[in-house]
Amino acid sequence: MNKFSLRSRSMLAAAIGAVLVFGAVSQVNAQSAQQRAEERRARQSEGKQSSKPAEEYPQATRKVEAKASSKGGAKLQKMIGLYDDDKGPEARAAADEIIATETFNAYDRAFAAQMAAQIAYDADDTAAAKDYLRKAIELNGLDNNGHYGAMYMLAQLQLQDEQYAESLKTLDTFFAETKSAKPEQLVVKGNALYRLERYPEAATVLKQAIDSSPNPKPEWQQLLMATYAESGNAGEAAKMAEAVAAKNPNDKRAQLNLAAVYQQGDMLDKSAAVLEKLRAAGQLTEDKEYRQLYATYLNMDGKEKEAISVINEGIQKGILKPDYQTYLAQAQAYYFSDQAGPAIDAYKKAAPLAPDGEAYLNLARVLWQEDRIPEAKEAARQAVAKGVKKPDDAKKILALPGK
């Protein structure tokens with residue numbers, strides 16, 4: 001009898017692919033309007049506006065006389081009062097009126113635009129917030145702190161809205177004019193470069209930010225690791241992940257990142273070791289974490305029994321979802337460890353949940369190999385009904401002698 005080879009992996013659905021190494025890397029969010037307002041109020045309370053705020057961009061060469069006009073000053077105070085009283089819509093309307101009054105000077109209108117951007121941002125109207133910020137920048141009437149603060153916030157909002165090229169363009173202007181080297185601002189540029197898949201440039205900027213910061217944030221390090229990994233620099237990614245994990249041995253996220261970096265660098269044995277350590281400590285608590293471990297084993301030669309152990313434990317604990325992908329992985333692991341009976345049982349669970357008839361066809365193949373011809377033919381019929389890529393394979397089983 002012409003049967004399919006038990007060891008031919010091509011006869012079954014491909015092994016589960018590696019779990020995505022990095023999830024969405026956190027965007028660097030713009031400072032909230034409320035935070036900005038609180039800072040302004042604190043300055044007012046401390047100095048009653050008598051002392052000039054410290055220059056945030058001392059290397060900027062831009063010079064401007066940022067001063068309210070006699071006509072616009074009262075309007076600005078009224079707008080600020082409305083905002084301080086949490087009357088956002090009224091404050092925004094007052095700001096729009098000031099912006100539209102061309103007899104007011106550039107500072108009056110730019111300050112109103114910046115305030116309106118804050119109000120719009122508070123209301124989750126980022127499109128309007130960006131328009132107001134562009135207006136504030138265009139009017140060129142704010143002091144350097146306000147002008148470049150508006151530019152930086154615009155770049156962050158563009159990044160948040162996935163306008164990566166626009167964000168990078170805004171940031172290039174920002175850095176060219178301010179000569180800023182603040183780590184938190186460099187990270188925003190690194191993020192934009194990463195999103196644009198300009199990985200070598202992103203790595204350079206992110207490394208500069210991390211090296212110059214006394215306390216670099218974990219998400220900055222994660223972003224740099226992702227940059228190294230995406231650029232094919234597995235060695236640097238692993239080196240960095242190892243250093244972070246060694247420094248934070250009890251940080252589950254750091255350990256998972258290390259496992260992920262190893263996995264993407266095709267160091268599957270090291271990835272499995274890290275994940276097994278977490279598993280032994282009871283720290284694998286999410287479906288995706290169990291999937292990452294069993295997928296690692298399925299992509300290693302001769303580790304099917306380990307994959308089975310992980311899958312069965314995950315299902316038993318109620319952590320691993322008993323869905324199509326889980327049962328398919330379980331079936332493959334049993335099949336390639338020469339356990340046809342359990343493989344058949346797993347395929348019977350996977351096939352009804354599958355989007356097509358491929359799992360039914362695999363079930364039919366295994367049943368045929370086990371000389372369970374009537375069951376094989378029924379599975380082949382189900383495969384044809386759900387649709388398969390190679391219907392001729394199903395027809396060969398349906399044409400076998402017997403019922």
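Modeller: D287 lies in helix α14, which covers residues 287-298. Keep in mind that this is a predicted model.

Biologist: Is D287 buried or exposed?

Modeller: The relative accessible area of D287 is 16%. Buried means under 20%, so D287 is buried.

Biologist: Which residues does D287 touch, not counting those up to four places away in sequence?

Modeller: The C-alpha atoms of D287 and I319 are separated by 5.4 Å, although the two residues are 32 apart along the chain. With residues up to four places away left out, D287 touches I319, L320 and K321.

Biologist: How far is the backbone nitrogen of K321 from a polar atom of the side chain of D287?

Modeller: K321 is one of the residues that D287 touches. Its backbone nitrogen and a polar atom of the D287 side chain are separated by 2.7 Å.

Biologist: Now helix α20. Where do its buried residues sit around the axis, and what covers them?

Modeller: In α20, residues 391-398, the buried residues are D393, A394 and I397. They span an arc of only 100° around the axis, so they lie on the same side of α20. The face turned away from that side carries the exposed residues D392, K395 and K396. What covers the buried residues includes α18 (358-369) and α19 (373-386).

Biologist: How many aromatic pairs are there, and what is the geometry of Y57 and Y148?

Modeller: The structure holds eight aromatic pairs. Y57 and Y148 form one with 5.7 Å centre to centre and 70° between the planes, and that geometry is edge-to-face.

Biologist: Why does the pair of Y57 and F174 count as edge-to-face, and what does it tie together?

Modeller: The ring centres are 5.6 Å apart and the planes stand at 85°, so the pair is edge-to-face. F174 lies in helix α7 (residues 164-178) and Y57 in the loop between α1 and α2, so the pair ties together parts 117 residues apart in sequence.

Biologist: Which residue has its charged end over the ring of Y57?

Modeller: Y57 belongs to a cluster linked by ring pairs, together with Y148, Y152, F174 and F175. At 4.9 Å from the centre of the Y57 ring sits the charged end of K182.

Notes. Residues numbered from 1 in each chain as written. Predicted model: local features only at pLDDT ≥ 70, side-chain atom pairs only at ≥ 80, totals over all residues. Heavy atoms only, no water. Helix = DSSP H or I, 4+ residues; strand = E, 2+ residues; numbered from the N terminus. Buried < 20%, exposed > 50% of the residue type's maximum accessible area, 1.4 Å probe, protein only. Contact = heavy atoms within 4.5 Å. Polar contact = N/O pair within 3.5 Å; in protein donor to acceptor, adjacent residues only side chain to side chain. Arc of directions from axis to C-beta. Phe/Tyr/Trp six-rings, centres within 6.5 Å; stacked < 30°, edge-to-face > 60°. Lys NZ or Arg CZ within 6 Å of the ring centre and 35° of its normal.
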